[in-house]
Amino acid sequence: MPACIEVSDLVKVYGSLRAVDGVTCEVRTGEVFAFLGPNGAGKTTTVEILEGLRPRTSGEVQVLGFDPWTQLDRLRTRIGVIPQDFHFFPKLTPREAIRLYASLFAVKVDVDELLARVELSDKADDYYDTLSGGQHQKLGVALALVNDPELCFLDEPTTGLDPRARRSIWDLIRRLRAEGRTVFLTTHYLEEAQQLSDRIAIINRGRIIASGAPAEIISRYGRPERLRIIGEAALAERLSALGFHVQPADGGIDVELRSKADALTILQTIASSGLRWERFSTQTDTLEDVFIQLVGRLEDGSLPEASAGGSP
Amino acid sequence: MNLRRVAAYFPAFAKGYLRNPLGLFMSLIFPVILILIFGAVFSNSGSGQVPLTVQNLDHNSPASVGFLSALNATGVVSISIVSPDVGNLSTYLAHNDLAAGLVIPAGFNTTLAACAQPLPSCSPVRLLVFTNPSSGAEAGIVQGAVQGAANGVNLHLAGGSVVVAPVNLNVGNQIYRYIDYLVPGLIGFSVLVSPMFSMVNVSSTWKRDKLFRQLSLTPLSRGEWLTATFLWYVVLAFVSTLLLLGVGSAVFGAHVTLTLLTLPFLVVGPILFVAIGLLAGSAASTPESAGVIGNIITFPMMFLSGTFFPVSLFPSWLVPVAHVLPLFYVIDGLNAAMVFSSPATAYVDLLVVLVLAIVFAVVAARVFSWREQ
């Protein structure tokens, strides 16, 4: 698939702070790409540079083939942006807001259809300042879609929303993808990135520390699959004696599986040991485990900076 | 600059403004309340009597004193006597901004005595009544009172034939009343206050709420936004002018004319203060400090530019202060255009306001940025 966004060695410096410190990444047309990182990692700065809202200090950026800072006029009509902390004019209604955008972009829009698409039909004629946080975000999405953009930026679209509103924004993002649009998402919710994205870049302190499809990242940076057995502590000695890597875990032990067949060996061993055990389960690292590990290893210096490359 | 986008954005800004009761109150209602209060406080003498300046050239003769007491008895005029030494009464009235005067000629007593004879051989006495046509009802009251007193004398002395004939004359100059200054002053107030208060607020809270960023995501340019904003405050200035003119003339009988020369002030004035408000708001880091900066700029201008009182009444040390305030030139120009009919002054004021507006608009357009660094 062709690249929709190409970023290479992007740097943004504020005074002595390197908010973005050499980011290189590529977003493919039609995918949902998530920028995942803790608060202050440089997500918003990066996305605002891509949206043409901020100049960069150095590096190359191409969005749909344009330089977003110098060619925003040509880019603007082809992208949709839902900024972090979206605000709108308090005394305008969603219907008026959409009409305003349509006339500014000089496009014809079926206002009712768009309102229905973001589930705002029943609030179409209420002032913005009477809407809830989730409804605000939905209007943000609707406005970003007025010009039928091929590329959508969503900067932390669900921060501060209740679980129900979050689900409905997720559905919207899935629909955007289904409609063939490319979505660039930033989030600090791991679940969100994992649920929605085709590919993820994990960013910390202005640098990408890992990137790829969620499963790829987990398999590359996560621990091997583990069998968790809840039972007597003596089980650990038995299994260690057989050469398994055993670690204590909540109320039991975790045994690393080098292959699927290991699970059978382990279960046979504990069954024939005569030791008491209650239940077992398999443990796989989630993106969250990987994320915490990666960020943690970066903090204590055991992971060399920017060692983690993305898949090509 | 795309005028279609200006036209598309203008109603959105207008709606946002009109749906905010505070903005509407400050720009349209508040000036009307001020004109009602200040007009009521300063326009009425309270006695209900019309001041009449009388020059008695008949040396307090019995007939002239009798006539004056008859005039006094009408109860509608309050008489003040000036000495014959002041010379031409019309000139005296003009110099002292007085609206009405009466001259009792020398020989009044003698003529009346002659007319009172059984076989009268007299020509009627001419009483000169000066009134100012611009003071409307008051002129009529004075003329009516003098005519009434004269009729009494005619009936009493000559059985109805005319022996005392009031001659109504206009005083040579225009008499300006407080309300005449107040209307242009409050139009200036409105031209200052509605853009200043709301633009300071707009430029600071919109920055905080990232509304400029939101607009920068659309094809609307900064220049188009500024144009639509200017336009809105020009419209407000026109509406406010019509309101103040209407209330001023209907309630207080102000003599203020909406001359053609008034109009450019209602265009250039709002542009100037939109630009200043935008700059003040951009200079501040928070809406709270923007409000303080806005007030520091607005309040001295509000009181020291001739808004509520003509600058000519200021103590001399305060006059130069007024002359450095941009609003002074707006109000001085509006006075020249609407009250004094002195185009020369208005043109000079307009030039000053125009130059200031261009300078501030250019600086504001430079300083005020949508995109962040």
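**Exercise 1. In what order do the five strands of the open sheet in chain B stand?**

Before starting, keep in mind that this is a predicted model.

Step 1. Read across the sheet: the order is β2-β1-β3-β4-β5, and the pairing is mixed.

Step 2. Now look at the edges. β2 (77-82) and β5 (164-170) of chain B each have a single partner strand, so one side of each is left without a neighbour in the sheet.

Step 3. Check the twist, which averages 25 degrees from one strand to the next.

Step 4. Zoom in on one pair. β1 (residues 50-56) of chain B and β2(B) run parallel, joined by six bridges. For Pro51(B), the bridge partner in β2(B) is Ser78(B).

**Exercise 2. Work out how helices α7 and α9 of chain B pack.**

Step 1. Find the two helices, residues 178-208 for α7 and residues 222-252 for α9. Their axes are 9 Å apart, at an angle of about 155 degrees.

Step 2. Note the handedness: the crossing of α7(B) and α9(B) is right-handed.

Step 3. Pick out some contact residues. On α7(B) they include Leu182(B), Leu186(B) and Ser190(B); on α9(B), Tyr233(B), Leu244(B) and Phe252(B) are among them.

Step 4. Sort the contact by class, and you get 13 nonpolar, five polar and no charged residues.

**Exercise 3. Find the domains of each chain and the distance between their centres.**

Step 1. Take chain A, which is divided into domain 1 (3-219) and domain 2 (223-283). Over C-alpha atoms, the centres of these two are 45 Å apart.

Step 2. Do likewise for chain B. Domain 1 is written as 3-42 + 177-367, while domain 2 covers 45-170. Here 48 Å separate the centres.

**Exercise 4. Which elements of chain B give two or more residues to the side that touches chain A?**

Step 1. Start with the totals: 21 residues of chain B and 19 residues of chain A take part in the contact.

Step 2. Name the elements, α1 (3-18) and α8 (211-216) of chain B. The largest share of chain B's side, six residues, is from α1(B).

Step 3. Finish with the classes. Chain B's side has seven nonpolar, six polar and eight charged residues.

Key:
Residues numbered from 1 in each chain as written. Chains lettered and ligands numbered in written order. Predicted model: local features only at pLDDT ≥ 70, side-chain atom pairs only at ≥ 80, totals over all residues. Axes fitted to C-alpha atoms, helices over the stretch in contact; angles between N-to-C directions. Helix = DSSP H or I, 4+ residues; strand = E, 2+ residues; numbered from the N terminus. Left-handed = near helix turned anticlockwise from the far one by under 90°. Contact = placed C-beta atoms within 7 Å. Nonpolar A, V, L, I, M, F, W, Y, C, P; charged D, E, K, R; others polar. Domains from an automatic or database assignment. Pairing = 2+ DSSP bridges.
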